[in-house]
Amino acid sequence: MTFSNSIYKRPLRTLALALVVCMGVQDLAFAAPDGGKAMRIALPRPTFGLGLPESVASVDVVRGNEEPRLFLIRDAHTNPSAQFNTARVLERLVDRERLSTVLTEGGSGDLSVAFLKKFGTPRARLETASAFLRRGEINGAEYLQITSGAEFAYRGVEEDALYERALSAYREVFKKRDGIRRELAEIRTTINFLKSRIFSRDLAFWVEQREKFERGE
């Protein structure tokens, strides 16, 4: 990208300034102290507990007491520690909340592996399932079905056709990632140049400190 007189046109300068100001306002909103109204949503305090250490899992929000209850578990995919913890959470939910069905992304239909309980000894299943989980080949729900007496249905929530379309779209974007990165780098260079022309010294210093904070410096 080459700099020319067009770079100083008012629309582009105004847009760049507006973007940076919006970013700053967003940071201030999320930094608002308790009780601040900016960018905050009032949520009921959790009344449901798992009875597990926070190192295993924590409850963020509980809404209502209607049946059937829905539990959303957020975890790190293919992370062994997270998946072992997911298995503990599900086991507790099956036991305490009579959880009967576990739904997962990335699959469709019946994904149950409970039939594997018929093979080998409990110890052999535990060792084998643990090895597969550590390699990222099974997840916490599958591990629990293989190694415990917990009974629950395990199903994928994806619709095959939509999933394939989304996967194809991802592949297309992935092919273009190098070009997209170059374009983003050019845009970033332009914004930095405009900041040096438009920002006051104090605002430029504040933005610089914020960017350092985001980089962990």
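At what angle do helices H2 and H3 pack, and how far apart are their axes? In this predicted model, the angle between H2 and H3 is about 130°, and their axes are 9 Å apart. Angles over 145 degrees would count as roughly antiparallel and those from 65 to 115 as roughly perpendicular, so H2 is oblique to H3. On the H2 side, the contact is made by Pro80, Gln83 and Phe84, while H3 brings Ser130, Leu133 and Arg134. Sorted by class, this contact of H2 with H3 has three nonpolar, two polar and one charged residues.

Let's follow H3 to another partner. Helix H3 covers residues 122-134 and helix H4 covers residues 140-147; these two pack at an angle of about 170°, again with axes 9 Å apart. The cut-off for roughly antiparallel is an angle over 145 degrees, and H3 and H4 are therefore roughly antiparallel to each other. From H3, the residues in this contact are Arg125, Leu126, Ala129, Ser130 and Leu133; from H4, they are Gly140, Tyr143, Ile146 and Thr147. By class, five of the residues where H3 meets H4 are nonpolar, three are polar and one is charged. If you have the structure open, look at Ser130 and Leu133: they take part in the contact of H3 with H2 and also in the contact of H3 with H4.

Setting aside neighbours within four places in sequence, Val102 is in contact with Leu90, Ala141, Phe152, Ala153, Tyr154 and Arg155. Now compare Leu70, which lies in the loop between helix H1 (10-30) and H2. The C-alpha atoms of Leu70 and Val102 are separated by 9.9 Å, and the two residues are 32 apart along the chain. Is Leu70 buried or exposed? Its relative accessibility is 79%, and the cut-off for exposed is over 50%, so Leu70 counts as exposed.

Next comes the sheet. Strands of a sheet pair through backbone hydrogen bonds, in either a parallel or an antiparallel way. Here, three strands form an open sheet in the order E1-E3-E2, with mixed pairing. Strand E1 (101-104) and strand E2 (108-110) stand at the edges with a single partner strand each, so one side of each has no neighbour in the sheet. From one strand to the next, the twist averages 20°.

E1 pairs with strand E3 (residues 153-157) in the parallel sense, over four bridges. Along this pair, Val102 stands opposite Tyr154 in E3, and Thr104 stands opposite Gly156 in E3. E2 and E3 run antiparallel and are joined by three bridges. Gly109 has Gly156 in E3 as its bridge partner.

The covered face of E3 has Tyr154 and Gly156, whereas Ala153, Arg155 and Val157 are on the uncovered one. Tyr154, on the covered face, is also the residue opposite Val102.

Technical notes:
Residues numbered from 1 in each chain as written. Predicted model: local features only at pLDDT ≥ 70, side-chain atom pairs only at ≥ 80, totals over all residues. Heavy atoms only, no water. Axes fitted to C-alpha atoms, helices over the stretch in contact; angles between N-to-C directions. Parallel < 35°, antiparallel > 145°, perpendicular 65-115°, else oblique. Contact = heavy atoms within 4.5 Å. Nonpolar A, V, L, I, M, F, W, Y, C, P; charged D, E, K, R; others polar. Pairing = 2+ DSSP bridges. Buried < 20%, exposed > 50% of the residue type's maximum accessible area, 1.4 Å probe, protein only.
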